[in-house]
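User: I am new to this structure. Could you take me through it?

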Amino acid sequence: MKTELEINPTNTQIELDPSLEEVVSGEYKYGFTTNIEADEAPKGLNENIIRFISAKKNEPEWMLEWRLKAYQQWLKMKEPNWGNLQYPPIDFQDIIYYSAPKQKITIDSLDDIDPELKRTFDKLGISLDEQKRLSGVAVDAVIDSVSIATTFKKELAEQGIIFCSISEAIQEHPELVRQYLSSVVPVTDNYFTALNSAVFTDGSFCYIPKGVRCPMELSTYFRINAENTGQFERTLIVAEAGSYVSYLEGCTAPIRDENQLHAAVVEIVALDDAEVKYSTVQNWYPGDKDGKGGIYNFVTKRGICKGNNSKISWTQVETGSAITWKYPSVILKGDNSVGEFYSVAVTNNYQQADTGTKMMHIGKNTKSRIVSKGISAGFSQNSYRGLVQVAKQASNARNFSQCDSMLLGDKCGAHTFPYIEVKNSTAQVEHEATTSKIGEDQLFYCNQRGIDTETAVALIINGFAKEVMNQLPMEFAVEAQKLLAISLEGSVG
Amino acid sequence: MLSIQNLHANIDGKEILRGINLDVKPGEIHAIMGPNGAGKSTLASVLAGRADYEVTEGSVTFWGKDLLALAPEERAGEGLFLSFQYPVEIPGLSTTNFIKSAVNEVRKYRGQDALDAVSFLKLMKEKMALMNMDQVLLSRSLNEGFSGGEKKRNEIFQMAMLEPKLAILDETDSGLDIDAIRIVANGVNKLRNSENAVLAITHYQRLLDYIVPDFVHVLYQGRIVKSGTKELAYELEEKGYDFIKNEINIEEQV
Ligand SMILES: Nc1ncnc2c1ncn2[C@@H]1O[C@H](COP(=O)(O)OP(=O)(O)OP(=O)(O)O)[C@@H](O)[C@H]1O
Ligand SMILES: [Mg+2]
């Protein structure tokens, strides 16, 4: 069975309180640049650049071979164009594929970090020292292409947990990297995974040994700083039998007039009884009011519930990027395994998001749950695209999908593309979708109680997205709530 | 505290209020009655500042300030409260959170600090007892799936939390069962003092047995056509609006 369904909301005119127009327009808060001397490769992509990257990172021969092979395959592939997205062609020769802050990277001592860089972290609200002291969240920060600091390494190591940059993992734990790298997302999965495999410069690696419950949230911060650079990070998480980890990634970028490319790959492996919770707060620069600049975000994220009774849960709050193309997925291979996808995607001005998930049921009694909340404002386009697949042998598979869209204004669009492929008759697949608008009545009701329109919009939006926000780790939920409000400032009116 | 003079208002070019005059002093209770479509809710909405309505003539002062020049949230800050005839639902937003935002926004307007979690909870407890309000209701999404009566109870509970100077109750009694009317009316009475006032819009004399009005006004075709004491409400209950309509028609013919 294959169904395709598109729900296009009718263009209902909503006229809002004229006073709403006075609500000040929101500006991107993280748009500063940092003056750090960078060590860069020349623009463009060819075998030499890949050799340059590999050499810079002092990689073993097998890694270089792997990259070059990926590059050869990429050359033969085509950029996907099935997304509900419109953008001019990307010139892959006009991108810098390697940019590293020029400084000695001392991983254990935070004191040696370039003060400018430290200030960057402060502005991002992730002062590493503070993080270390107060929140008990371990942080790995990646600026442009290179991982800068990993906090809490020692404490984690005591439990056998490895949390480091992927570059370091290639040096220190090559056997683990070789075993799992591209085991979930094949190099040739799509155009961008092949590109990423050829040129990835850093990212995080995380390994939780058997039976260990990671005692703190692990967190990675990605930031694009240098001009004309692309960021291609690679994240690999392996949760051995009976282990648990909660992982959070955040990202920001400076305001630039040119579009910048971000093409990441994240792979998760969960063995028997393991659980991985992966949360993203994506706040790449979305471009300005007229759609100028902004990050092109082409990301492949996939997890495999390899073992029985394992669970992988994706939570994403997507507020940034000019273009988002992203479908965090779960392969439910183990019996009784569970996959979850909770998403809030906000688009404003001229942003375009085509995001959703794939749940591939293979094992018996597997369950998946999809909750997607799309919020569109301005002239933006917001699409949910999801695939629920039930294989022949996957008896008693269950899926529940809920896709809700909210429109602010009448010039934006919300679209839903749910695909369902069921090959086993015992499967139960449920899909629900709604589209709503912030009503003038709701705003007036809030106003009457003393709440101004901007605050009212934030309250209503957070209410709408609550089921997803509740999935975020406590420390980040508050920040994410503010982010939703900021992203929509100036959108009502 | 409230002085309405010759107020005219349109919606979509259609004149609904056609010269309202009304004075409300601190400590007073005014009842507004009138047939369906007379303009009662319109009057309430215009006072609260709903943007759909265009005021074409007249003035409204509230404690000496030009009410019509203020944004709806500023009017709330000044102490005006409207209990809606049809309260709206906001899915996912807990009633408690909503009320907390309202209380703190109003405090901010008045230059007061926001209530911390403990003080807010204390205030909630106090008012819940006063209004016989169910805790479970307050933890649910704002008005979502509330019964008609529960919505009205929630309106009055919010009034108790905000302690307005002028409360406009738009058919708060409709949809309430007999016990609930008594509870709500008791709540309103307990909150009364010499500084605040109530404008109660109702179709039924029954509410006025509990909330005893100083004045009863009949609104008809966008004007207050008759004012009196609470006896007028009994008369209306007995005779219906026909006798007033007749009186007016006779006047108009003359
Ligand atoms: N958008 C609109 N366009 C045209 N007429 C409108 C609009 N909104 C309200 N009206 C009309 O204004 C008139 C007054 O309505 P209002 O709601 O104030 O009446 P009411 O006295 O509160 O009645 P009820 O007792 O039924 O609540 C009605 O005739 C109504 O149909
Ligand atoms: Mg009415």
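**Sheet and ligand in chain B**

Analyst: Chain B holds an open sheet of 6 strands with mixed pairing, in the order E6-E9-E10-E3-E11-E12. Strands (E, at least two residues) and helices (H or I, at least four residues) are DSSP runs numbered from the N terminus, and two strands pair if DSSP finds at least two bridges between them. This is a predicted model: local features need pLDDT of at least 70 and side-chain atom pairs count only at pLDDT 80 or more, while totals for chains, interfaces and linings use all residues. Residues are numbered from 1 along each chain as its sequence is written, chains are lettered from A and ligands numbered from 1 in the order written, and side-chain values use heavy atoms, without hydrogens and water.

User: How do E3 and E11 of chain B run, parallel or antiparallel?

Analyst: E3 (residues 29–33) and E11 (residues 215–220) of chain B run parallel and are joined by 4 bridges. Phe215(B) in E11(B) is the bridge partner of His30(B).

User: Now the ligand. Which residues come nearest to ligand 1?

Analyst: Of the 15 residues around ligand 1 (a heavy atom within 4 Å), Gly37(B), Lys40(B), Ser41(B), Thr42(B) and His203(B) come nearest.

User: What gives the most to that shell?

Analyst: H1(B) does, with 3 residues.

User: Which polar side-chain atoms lie by an oxygen atom of ligand 1?

Analyst: Among the polar contacts (here N or O pairs within 3.5 Å), one from Lys40(B) spans 2.8 Å and one from Thr42(B) spans 2.5 Å.

Methods. A polar contact is a pair of N or O atoms within 3.5 Å; within protein, one must be able to donate a hydrogen and the other to accept it, and residues adjacent in sequence count only if both atoms are side-chain atoms.
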